[in-house]
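Biologist: I would like to learn how to read strands and helix packing in a model. Please show me the general idea and then the case here.

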Amino acid sequence: MSSVLQEDQGAEGGLRPEVADFQQRMLGHLTHTVGKGKVTATERDWYHVAALTVRDLLVERWMESVRTVYANDHKRVYYLSLEFLFGRSLVNNLLASDCFDLCQAALADLGLDLDTLAAQEPEAALGNGGLGRLAACLLDSMASVGIPGYGYGIRYDYGMFAQYMGEDGQQLEMPDDWLRYGNKWEFSRPELTFPVQFYGRVEQTRDNQGAKQVRWLDTDEVSAMAYDQLVAGFGNGMVNSVRLWAARSQEFDLKVFNRGDYVDAVHQQQRAASLSRVLYPDDTTSEGKTLRLKQEYFFVSASLQDIIRRFHSTHDNLRMLPYKIAVQLNDTHPAIAVAELMRLLMDQHGFDWDEAWDTTVRTLSYTNHTLMPEALETWPVGLFEILLPRHLQIIYEINHRFLQEVRRRFSGDEDLVRRVSLIEDGGERRVRMAHLAFVGSHRVNGVARLHTSLMEAGTFADLHRVFPDRIVNQTNGITPRRWLNQCNRPLARLISETIGREWTTDLQALRRLEPFAEDPAFRAAFRQVKRDNKERLARLASERQGLSLNVDSLFDVQVKRMHEYKRQLLNLLQVIARFNRLRDEPASGIVPRTVVFAGKAASGYATAKLIIRLINDVARTINNDPDVAEKLKVLFLPNYNVSLAEVIIPAADVSQQISTAGTEASGTGNMKLALNGALTVGTRDGANIEIAEEVGEDNLFFFGLSADQVKSVRAQGYDPWMHYDGNPVLRQVLDQIRDGAFSPGQPDLYRPIFDLLTGHGDHYLLLADFADYLACQGRVDALYRREDEWTRRAILNTARMGRFSSDLTVLGYAAEIWGLAPIPQAIGG
């Protein structure tokens, strides 16, 4: 008899009443919702049954939460994000509602395993990287600390894409059909739709009193239909929600259909549906660019219309909007909200310009996530003029009034006027969306202290000069519920047995672990948990790639979106150098390593895709070399998502956070890995600096140029050939890549990478940082040989990560940006 069943039997051997009740709820859904019996039910059916059962419990709490918020007229937060990377929901919701043990026991009594059923859940394909995962963490934390916070986004049919590897190691992209079996966590709202307009023309008239009226006419219109998904607070009874929009069109031409032209009859429906098909369509074509802008406007317009509808359900005077709601723009994707809210207030609700502008600015706030000018969205004025003509008029007027004020305050400084303008001149005129978001928000926040200071001194220096009190910092955070309590249950259990469970809602309670870093018995238990997690990852690698991993090796992990500035290529250069040394000096005593890469490259990002292919070719070469078999393994795990991260992160010994200093806004992968006891190898970039302040610089490994040094090197005229000529180890590695050592059948295949790092200037300074990075790896090896000391430092990483809870992040937003306080009843449970 299983231990779960033994623990959950009643006095006479039956199930405890609460377990039996949960089981009966599940069996009811099996019969009445799924329409099957126990004999014919599949594992997927049982997953659906478990999901529907816990959803029932959450709905009751959701209704109560909504009643409390509206009855007390609490100020509400609406979080607009093009991405939400939630991950699987079953286990998360069971833990949040304190039903995990009930469900596990009820299923065990039926001969079913909860973990097996949870793996049946398709991962919601609503995001890609850190941006979407941050949004999910913040929603989790808002519910968990008692803030009425609601997400808005798009219900993508296929997400970004499912990533596969071809036989030649190339990234292949396939539709991620995550909705094939439906989404048991959502509620469709066909009665709740909003019209979203595109194209057309603008007509200006005067009413009988001579006031100007503006009408947007002859537009193409699609409908945005709402789908709601619940976001459960942890252990406090509060449930918020996220509302996602799907694009629909009612136009079906029966006359055309009856003529036999079946494709044209549904043409409008298909064109409308394309707005919510995929996340980040390839924008290397003009059609792709148009679709991207249409997506952004589609979800922003529907969301703001819905926000106003919700406001009007309890208030009449829209001028009270900033006192009752706060709208947070997650990056520049929703920046069109500035012009759209102005349009709605003026054209539909009769506001004059000044009161509409005052209301808009005091309602909106903007989170910036990038320092790189090329990553700040801009759109051609010509595209705006065709697609959103009314909004271009409003943007022109915002810019005109703004620049008038700049000229008044900074008389004669036309260079400043040009730099802060919302319209970029010179060549093709473009709308600067980050500038629009900055000017149209009352607060603009960075996401790490370094990032915020670089915003003030660099990217937004001119706008900061005009609005010196607008920029604030809110360092990113992660939810400990997902990124320790759920993904690393063995470590969570060890921690709770040692210091109690308070850390799940107050992560700073982990500080109580610090003394146990000196306890040999605790170190041994911590080390065993890590080894067990490495064995779990090794099983996954064996199942998916047929690769046998040495679990006693150092697991070296770099998992994140593929981009040149994140420098997966720098990591690969040192892997090749290590391979060369192992072959040249087989008795060198180098610490065995398993190097794990994972991450998607945007479908139109040729360089990032070529780097993935090189990683796979290097892995193939190394993994098939018998001379290094037990000393070095390299693997690229395809289709990186939250579920895969939940296996990789607990197994990591080393966390590679090696972006060029001054390029990474914050990073949250660094926080997840450190929380799970991985030691960071990193540059002084993003949140790495603040992590070091908390865990202590002795407990991680810094290398490379600082942000100021990067700026200085570039200003002096960076010469990558100097490093190539002066470092024989580096030169050998680059020559191997150039000459086809890893692609003998296509010797010129990776020549573009060699050229990128030498002839094209090595923009992200990989060669400048290579020598120090290689030396840093030597320090890592030396420490890993000292098993007890490595474990002690790993424990201190876990113990000192409390500052990076997203609970603290949202409380910072609430106090400094949104102007609201949590609901006290929700905090106490």
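**Strands, hairpins and a helix pair**

Modeller: Start with a hairpin: strand 8 and strand 9 have six residues between them, and Gly235 there takes a positive phi near 70°. Strands (E, at least two residues) and helices (H or I, at least four) are DSSP runs, numbered from the N terminus. This is a predicted model, in which local features need pLDDT of at least 70 and side-chain atom pairs count only at pLDDT 80 or more, while totals for chains, interfaces and linings use all residues. Residues are numbered from 1 along each chain as its sequence is written, and side-chain values use heavy atoms, with hydrogens and water left out.

Biologist: With which strands does strand 8 pair, and over how many bridges?

Modeller: Two strands pair if DSSP finds at least two bridges between them. Strand 8 pairs in the antiparallel sense with strand 5 (residues 186–198) over 10 bridges, and with strand 9 (residues 239–248), also antiparallel, over 10 bridges. Val196 has Val222 of strand 8 as its bridge partner, and Gln229 has Val242 of strand 9.

Biologist: Is strand 8 mostly covered or exposed?

Modeller: Buried means under 20% relative accessible area, exposed over 50%, and partly exposed in between (1.4 Å probe, protein chains only). In strand 8 (residues 220–232), 11 of the 13 residues are buried, which leaves the strand mostly covered.

Biologist: Which residue takes a positive phi in the hairpin of strand 6 and strand 7?

Modeller: Gly210 does, near 85°, in a hairpin with five residues between the strands. Strand 6 (residues 201–206) and strand 7 (residues 212–217) run antiparallel and are joined by six bridges. Arg215 in strand 7 stands opposite Glu203.

Biologist: What is the order of the open sheet of three strands?

Modeller: The order is 12-14-13, with antiparallel pairing. Strand 12 (378–380) and strand 13 (423–424) are the edge strands, each pairing on one side only. Strand 13 is joined to strand 14 (residues 430–432) over two bridges, and Ile423 has Val431 as its bridge partner in strand 14.

Biologist: At what angle do helix 33 and helix 34 pack?

Modeller: Two packed helices are described by the angle between their axes and the distance between the axes. Axes are lines fitted to C-alpha atoms, for helices over the stretch in contact, and angles run from 0 to 180 degrees between N-to-C directions. Helix 33 (residues 766–784) and helix 34 (residues 787–799) pack at about 110°, with axes 7 Å apart.
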